[in-house]
Amino acid sequence: MSDNPSRILFGQLFEANREKVYRFAYKLTDDRLRAQEVTQQCFIKLWENIHKVQAGQDVFPLLFVFVKHIVIDETRKLYRERKSLAHISSSGHSPEDQTLLHKEFREQIQKLIEKMPEQRRNIYLLSRDKGKSYKEIADQLSLSPATVRNHLNLALQYIRKEMMAHYDM
């Protein structure tokens, strides 16, 4: 399997571009941890599209676009989350009420996590509670990083949809 042409090409592209991608992601985010996560997501996206890449092709322009879109998407998600939290905090609730709301919010999320299919739940918990990267989760569960990413995206979409419906956001 290690002599797979796609895997070899990906390894070469990863080694040749990893630092440039990280520096660009860091420049956009000004956060080392977030830049590492964006870099990882960028290369997962490259792996998913490796069939479109030719040997010898300069892929940095493609990686540049991937990084830019990932950062924009994450920024939008963060903005929406902050806006939702600001809405909850500005709704005139006392600190005690906010603590109760926060507790209810966490309990609701926990119920949703328990309803997820087992593999999706495990991936979500390893990512969010244990702070593991896609690669670490993939290695631990014998899955591809792309599968881990897909399950995590589905889990987050499910939680968002259910929470929005529950809190009429």
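Tutor: Helices (H or I, at least four residues) and strands (E, at least two) are taken as DSSP runs and numbered from the N terminus. On that basis, the elements of the protein chain follow the order α-α-α-α-α-α-α from the N terminus on, that is, seven helices and zero strands. The model is a predicted one: local features need pLDDT of at least 70, side-chain atom pairs count only at pLDDT 80 or more, and totals for chains, interfaces and linings use all residues. Residues are numbered from 1 along each chain as its sequence is written, and side-chain values use heavy atoms, with hydrogens and water left out.

Accessible areas come from the Shrake-Rupley method with a 1.4 Å probe, and for residues only the protein chains shown count as cover. The accessible surface of the protein chain is about 11300 Å², and carbon and sulfur atoms hold 53% of it. A residue is called buried under 20% relative accessible area, exposed over 50%, and partly exposed in between (1.4 Å probe, protein chains only). Of the 169 residues of the protein chain, 30% are buried by this criterion.

Next come the paired charges. A salt bridge requires a side-chain nitrogen of Lys or Arg within 4 Å of a carboxyl oxygen of Asp or Glu. Glu-74 is buried at a relative accessible area of 19%, whereas Arg-34 is partly exposed at 23%.

Another salt bridge connects Lys-135 and Asp-139, at 3.1 Å from N to O. Both residues lie in helix 6, four residues apart, which is about one turn of the helix. Asp-139 has a relative accessibility of 51% and therefore counts as exposed. Glu-162 also forms a salt bridge, with Lys-161, and the closest N and O atoms of that pair are 3.8 Å apart. Here Glu-162 is partly exposed at 28%, while Lys-161, at 55%, is exposed.

Some charges gather without such a partner. Patches are made of residues with over 30% relative accessible area and no salt bridge; like charges are joined within 9 Å, and nonpolar side chains (Val, Leu, Ile, Met, Phe, Trp, Tyr) within 5 Å. Lys and Arg count as positive and Asp and Glu as negative, with His and the chain ends not counted. The place of a charge is NZ of Lys, CZ of Arg, CG of Asp or CD of Glu. Lys-77, Arg-80, Arg-128 and Arg-160 form a surface patch of positive charge. Arg-80 is part of helix 3, which spans residues 60-89, and is partly exposed with a relative accessible area of 45%.

Asp-30 lies in the loop between helix 1 (5-29) and helix 2 (32-48), and its phi is near 55 degrees, a positive value in a residue other than glycine. Most residues other than glycine have a negative phi. Asp-30 is exposed, at 59% relative accessibility.
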